Every structure is written in C-alpha cells, then in structure tokens.
Amino acid sequence: MNARGLALTAGLTASSCIITPTVPHTPFGTEHRGEVGEGDFLALAMGSTTREDVLLLLGEPDLRRDDDRIFAFVWDEAWLFFAAAGMGGGGVAGEATRHLALMVSFDESGRLARKEVLKQPQTGLDKDWYSQLEKWR
Amino acid sequence: MHAFHRLRLPELGGGILLAILGGCITPPPPITGEAGVRAAMPFVVPGETTREALLLRFGPPSWTFEDGRILTWRLQREDAGEILPKVRVSFGKIPWSYGLVVIFDAHGLVARFNLMEIG
C-alpha cells in the first residue's frame with residue numbers, strides 16, 4: 001500500500017471511531033452512589049463528627065470494616081468516552097470508568113479520626129483497588 | 001375543512017415532539033432539604049414513629065449499626081412519587097434509588113432520620 005492508500009485507510013478508519021477524554025462524571029446505570037462532593041467531605045469534622053452524623057449525611061457505606069471503625073463510600077467516575085461504527089450499520093459506544101472512595105475511620109468514642117479520598121488509577125485493576133480499600137488504615 | 005388540514009407547522013412539530021418525548025424517562029422531582037424529606041416521608045415523625053412501624057412498612061433493614069440503634073433501608077421511588085422497599089424491576093422501568101437512615105432513641109422511637117438519593 002502506498003502512502004496515499006495508507007492515509008486514506010487511516011482516515012476512513014479514524015472517521016468511524018471516536019475516543020475522547022470526557023469531563024469526569026457519574027456514569028449512567030452505575031451500581032454505586034453518586035459522587036461524594038467536596039461540600040460533604042469538608043462537612044466531616046475531625047474529632048467532632050460522629051458515626052451517626054456520617055451515616056445521616058452519606059447514607060449506608062459500601063464497606064464496613066473492623067467492627068465499624070472504618071467505612072468506605074464508593075462511587076464511580078467516567079473519564080473516557082468511546083464510540084465505533086461498524087461496516088454493517090451497527091456500532092458500540094461506552095465509557096471507561098474508575099472507582100473512587102471516601103474512607104473514614106472513627107476513634108473509640110465513635111468520632112471521626114481520619115478521612116481520605118482514594119482514587120483508582122484510570123487503568124488500574126479492580127482487584128488491586130479493593131485490596132487497597134481492605135488495607136486502608 | 002377536516003381537522004387534519006387545519007394543523008399548522010408549530011402544532012405538528014409539537015405533536016411530533018410529544019411523541020418523541022413519550023419514550024423518554026423523566027426522573028421525579030428531586031427531594032431536597034429537610035422539608036423535602038419530610039414531605040416524601042410523612043409517616044416518619046421524630047419522637048412518634050416506632051421501630052416496629054418502619055419494619056412493618058419497609059421490611060428488614062439493609063444494615064444495622066450500633067446494636068440496632070441505627071437502621072438503614074434501600075428504597076426506590078416510583079413514577080407517582082411513592083417510596084417503597086427496593087426490589088428488582090423488569091427492563092425498561094428504572095426506579096430512582098434512595099437510602100433511608102434512621103436513628104432511634106432508647107425507647108425505640110425515631111430520633112433523627114434522613115433520606116438521600118443514591119443513584
């Protein structure tokens with residue numbers, strides 16, 4: 001194939017396929033909660049916010065650990081959109097997503113001792129992500 | 001003149017738009033603020049509603065915290081606005097999901113509660 005043919009083939013192929021980064025957003029049909037916003041994160045005060053306050057603010061956690069000393073609130077974020085058209089008129093489209101989690105821990109009196117947002121790498125594996133949640137202290 | 005012939009372009013366009021929108025899914029209005037939560041859950045009254053009343057209405061809680069002092073339920077809101085226990089639904093009918101968190105006092109009465117959209 002000469003250079004002109006190669007360019008034509010590349011152009012035709014590229015025209016039927018779109019891969020683009022997107023503004024991070026909650027993907028449609030997610031099994032998890034919506035994003036835990038910055039306002040909610042800031043509302044959690046170390047040493048004074050109780051386990052009860054956290055549950056009333058964020059709802060039930062997605063993970064409970066260490067006799068409820070640690071909660072994880074997980075949500076998903078779409079970061080890449082892709083679409084491709086097939087020769088027969090069909091096509092596929094979708095979003096690449098990653099997990100995020102607000103981790104909180106409580107002291108002996110049930111007050112907030114630590115909070116942190118964990119982000120799965122965009123190309124990270126789920127098993128590594130859940131392992132990270134299990135190990136968080 | 002037959003009614004069809006009196007249709008003008010805006011009316012025709014409106015009809016087509018209605019036909020298209022008929023296939024859309026429109027979420028119910030969001031529940032916002034304490035007043036919105038109270039309006040959506042008029043049967044939950046702090047100091048009056050008992051644990052038993054909520055168990056009878058919603059069934060077993062999804063989770064229990066602090067020896068039953070805090071219970072949570074996963075609920076869904078139907079198109080008409082009614083809030084029910086979350087169940088599996090057939091394809092094409094998407095419920096809006098909510099989480100109910102209820103704190104009970106020492107007498108088993110609701111002390112505090114919140115309802116939040118969770119997806």
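Predicted model: local features only at pLDDT ≥ 70, side-chain atom pairs only at ≥ 80, totals over all residues.
Chain A comprises 137 residues, of which 15% are classed as buried. Its secondary structure consists of four helices and five strands. Read from the N terminus, the order of these elements is α-β-α-α-β-β-β-β-α. If we take the contacts in chain A between residues at least 6 apart in sequence, 56% of them link residues at least 24 apart.

Chain B has 119 residues, and buried residues account for 17% of them. This chain has four helices and five strands, and its elements follow the order α-α-α-α-β-β-β-β-β from the N terminus. For chain B, among contacts between residues at least 6 apart in sequence, 43% join residues at least 24 apart.

Next, the nonpolar core. The largest one contains 28 residues, and the residues with the most contacts inside it are A:Leu55, A:Phe73, B:Leu100, B:Val101 and B:Val102. Which elements each supply at least two residues of this core? From chain A they are helix 3 (51–58), strand 3 (70–85) and strand 4 (91–106), and from chain B they are strand 2 (70–77), strand 4 (96–104) and strand 5 (110–117). Strand 4 of chain B gives the most, with five residues. As for A:Leu55, leaving out residues up to four places away in sequence, this residue touches A:Glu60, B:Phe65, B:Ile70 and B:Val101.

Let us now consider the strand pairing in chain A. Strand 3 and strand 4 of chain A run antiparallel and are joined by 15 bridges. Within this pairing, A:Phe71 has A:Val104 of strand 4 as its bridge partner. Strand 4 and strand 5 of chain A are also antiparallel, with seven bridges between them. Here A:Leu100 is the bridge partner of A:Lys119 in strand 5. The hairpin formed by strand 4 and strand 5 of chain A has five residues between the strands, and A:Gly110 in this hairpin adopts a positive phi near 80 degrees.

Strand 5 of chain A, residues 112–119, also holds A:Lys115. A:Ser16, by contrast, lies 45 Å from A:Lys115, C-alpha to C-alpha, at a sequence separation of 99 residues.

A:Leu44 sits in the loop between helix 2 (38–43) and helix 3 of chain A. It is partly exposed because it has 17 C-beta neighbours inside 10 Å. Apart from neighbours within four places in sequence, A:Leu44 is in contact with A:Thr49, A:Val54, A:Val104, A:Leu112 and A:Lys115. The C-alpha atoms of A:Leu44 and A:Leu57 are separated by 9.1 Å, and the two residues are 13 residues apart along the chain.

Thank you for your attention.

Definitions and conventions
Residues numbered from 1 in each chain as written. Chains lettered and ligands numbered in written order. Buried ≥ 20, exposed ≤ 12 C-beta atoms within 10 Å, placed from the backbone. Contact = placed C-beta atoms within 7 Å. Core = buried A, V, L, I, M, F, W, Y, C linked by C-beta atoms within 7 Å. Pairing = 2+ DSSP bridges.
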